[in-house]
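Subject: Structure handover

Hello,

Here is the structure I promised to pass on. Please open it alongside this note.

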Amino acid sequence: MARQLRQEPSLRADLMKVVIDQAAKKKDLRLSKTAGALLKVIEEESEKSRRVLAVQALSVIDPRHLGEKQYRQTMERLYALSKDELSAEVQIAVADVITQYQNG
């Protein structure tokens with residue numbers, strides 16, 4: 001799935017919805033590569049709605065999907081990306097995820 005998120009812009013929205021659904025249902029999934037691909041979408045995607053969806057997908061991923069260290073690194077990278085984000089909608093979505101992360 002991570003490879004498809006990186007290579008298939010036309011399928012990104014549908015793939016991110018699958019990530020959201022599966023991560024919410026299955027806590028034993030390993031989503032290490034998927035989290036990296038979602039960060040890449042946030043960084044490179046020109047379509048605002050897809051960037052918001054990528055942030056939403058990251059919001060349902062938790063340390064059980066990544067491991068504590070990678071989860072922390074993912075949240076730090078998300079925060080760093082938000083500093084350059086022009087869309088208020090994406091910034092608000094990121095702020096919600098970072099707040100959720102900080103509140104544990």
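First, the ground rules. This is a predicted model, in which local features need pLDDT of at least 70 and side-chain atom pairs count only at pLDDT 80 or more, while totals for chains, interfaces and linings use all residues. Residues are numbered from 1 along each chain as its sequence is written, and side-chain values use heavy atoms, with hydrogens and water left out.

Helix packing

Helices here are DSSP runs (H or I, at least four residues), numbered from the N terminus. Axes are lines fitted to C-alpha atoms over the stretch in contact, and angles run from 0 to 180 degrees between N-to-C directions. Angles under 35 degrees count as roughly parallel, and over 145 as roughly antiparallel. Contact means heavy atoms within 4.5 Å. For residue classes, Ala, Val, Leu, Ile, Met, Phe, Trp, Tyr, Cys and Pro are nonpolar, Asp, Glu, Lys and Arg are charged, and the others, Gly among them, are polar.

Start with helix 2 and helix 4. Their axes lie 8 Å apart, at an angle of about 15 degrees. That makes helix 2 roughly parallel to helix 4. The crossing of helix 2 and helix 4 is left-handed (the near helix is turned anticlockwise from the far one by less than a right angle). Helix 2 brings Arg12, Ala13, Met16, Lys17, Val19, Ile20 and Ala23, and helix 4 brings Arg50, Leu53, Ala54, Gln56, Ala57 and Val60. By class, the contact of helix 2 with helix 4 has nine nonpolar, one polar and three charged residues.

Helix 4 also packs with helix 7. The axes of helix 4 and helix 7 come within 9 Å and cross at roughly 5 degrees. So helix 4 is roughly parallel to helix 7. Among the residues that meet are Val52 and Val55 in helix 4, and Val90, Ala93 and Val97 in helix 7. This contact of helix 4 with helix 7 has six nonpolar, two polar and three charged residues.

Next, helix 6 and helix 7 (residues 88-102). They pack at about 150 degrees, with axes 10 Å apart. Helix 6 is therefore roughly antiparallel to helix 7. The crossing of helix 6 and helix 7 is left-handed. In helix 6, Tyr71, Arg72, Met75, Leu78, Tyr79 and Ser82 meet Gln91, Val94, Val97, Ile98 and Tyr101 of helix 7. That contact of helix 6 with helix 7 has eight nonpolar, two polar and one charged residues.

Single residues

Buried means under 20% relative accessible area, exposed over 50%, and partly exposed in between (1.4 Å probe, protein chains only).

- Tyrosine 71 lies in helix 6. It is buried, at 9% relative accessibility. Leaving out residues up to four places away in sequence, tyrosine 71 touches Ile61, Asp62, Pro63, Leu66 and Tyr101.
- Aspartate 62 sits in the loop between helix 4 (48-60) and helix 5 (63-66). It is buried, at 13%. Its side chain reaches the backbone nitrogen of arginine 64 at 2.9 Å, a polar contact (N or O atoms within 3.5 Å, one able to donate a hydrogen and the other to accept it; residues adjacent in sequence count only if both atoms are side-chain atoms).
- Threonine 74 is in helix 6 (residues 68-82). It is buried, at 5%. Beyond four places in sequence, threonine 74 touches Ala35, Leu39, Leu58 and Leu66.
- Proline 9 is in the loop between helix 1 (2-7) and helix 2 (12-25). It is partly exposed, at 39%.

Best wishes

How values were computed. Helices (H or I, at least four residues) and strands (E, at least two) are DSSP runs, numbered from the N terminus. Angles under 35 degrees count as roughly parallel, over 145 as roughly antiparallel, 65 to 115 as roughly perpendicular and the rest as oblique.
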